[in-house]
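Welcome! Have the sequence and the 3D view ready as you read.

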Amino acid sequence: MMVSIFEPDSFFLLLTCEHGGNQVPAPYQALFAGSPEVLDTHRGYDLHILPVAHALAEKLQAPLYYSRITRLLVELNRSPWSPALFSEFLSGLSPIEKQTILDAYYLPFRQTVRTAIHAQLEQGRTVVHLSLHSFTPVWEGQLRKTDIGLLYDPAREGEKAFCRGWKQTLQAQFDGVRVRMNDPYRGTADGHVTALRKTLDPHRYLGIELEINQTFFPPAVEPFALALARSLQSLWNPR
């Protein structure tokens, strides 16, 4: 279990929600005028995840950093070099116009999270960074067989141990839940936590992506978030 490897009092839990909304700032609304419906799909944002993130942060008394700007304007969970950073809706913009978007939305979000992490590391704590997401139940015509995915880097022993323990406590909280490791995506694929891993000590920074199947969300957010919180509290006592 996690508590047999780490001292609970040295932990600091931090939550992020990169795809919390589908808002389009006024200067860019014309870009989506031809296909406004796409903003309400999984391409526009991660459905249901932000209310759960807020409730989870409240129950665990953990800071939450989130964005309500649609991922179709700028993809906060991709690196600046990624071809997926900007969607096809921005194909007509110049490099300068795209840089303006990065300066306004992408870079401040990334820097705020990095600063918060470094502040805790400087105090000698180990940071557990949970990046919260939801995923569409059907992809390319195939029904996904995962309810909750825990994404981590298998080469980082702390992340591996954390996810193994969390899988057990999640299954204890949710009857019959299908928890899978590094599914439906690879934990080492390009993303926010992947970028942070490149410069942070693997013993002091644990970057985990929590992926929840959109059909798995119950109607009531509070009980769902409470069960998630209890599954984490069974591992250690977040500060």
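## Surface and burial

The accessible surface of this protein comes to about 11,100 Å², and 52% of that area belongs to carbon and sulfur atoms. Accessible areas come from the Shrake-Rupley method with a 1.4 Å probe, and for residues only the protein chains shown count as cover. Of the 239 residues, 54% count as buried; buried means under 20% relative accessible area, exposed over 50%, and partly exposed in between (1.4 Å probe, protein chains only).

A word on where this comes from: the model is predicted, so local features need pLDDT of at least 70 and side-chain atom pairs count only at pLDDT 80 or more, while totals for chains, interfaces and linings use all residues. Residues are numbered from 1 along each chain as its sequence is written, and side-chain values use heavy atoms, with hydrogens and water left out.

## Overall build

The protein has five helices and eight strands. Here helices (H or I, at least four residues) and strands (E, at least two) are DSSP runs, numbered from the N terminus. Starting from the N terminus, the order of elements is β-α-β-α-β-β-β-β-α-β-α-β-α. The radius of gyration is 18 Å, close to the 18 Å that the globule rule gives for 239 residues, so the protein is as compact as a globular protein of that length. That radius is taken over C-alpha atoms, and the globule rule is 2.2 Å times the number of residues to the power 0.38.

Along its principal axes, the C-alpha trace spans about 55 × 40 × 30 Å. Among contacts with a separation of 6 or more, 80% are between residues 24 or more positions apart, where contact means heavy atoms within 4.5 Å.

## Aromatic pairs

How many aromatic pairs does a search of the whole structure find? The search finds six. Rings of Phe, Tyr and Trp (its six-membered ring) pair if their centres lie within 6.5 Å; planes under 30 degrees apart count as stacked, over 60 as edge-to-face and the rest as tilted. One of the pairs is Phe 162 with Trp 166, which is edge-to-face, at 5.7 Å centre to centre and 70 degrees between the planes. These two residues are four apart in helix H3 (residues 157-173), so about one helical turn separates them. Both Phe 162 and Trp 166 are buried.

Phe 216 and Phe 224 form another edge-to-face pair, with 5.9 Å centre to centre and 70 degrees between the planes. Phe 216 and Phe 224 are buried too. Ring pairs also link Phe 174, Phe 216, Phe 217 and Phe 224 into a cluster.

Look for Leu 85 in the loop between strand E2 (64-66) and helix H2 (95-121). Leu 85 is buried, with a relative accessible area of 3%. Not counting residues up to four places away in sequence, its contacts include Val 74, Arg 78, Leu 102 and Tyr 106. The C-alpha atoms of Leu 85 and Leu 73, 12 residues apart along the chain, are separated by 8.5 Å.

Next come two threonines. Thr 126 lies in strand E3 (residues 126-135) and is buried at 7% relative accessible area; leaving aside neighbours within four places in sequence, Thr 126 is in contact with residues including Phe 11, Phe 12 and His 203. Thr 136 sits in the loop between E3 and strand E4 (138-139) and is buried at 13%. Beyond residues up to four places away in sequence, Thr 136 touches His 42, Arg 144 and Gln 214.
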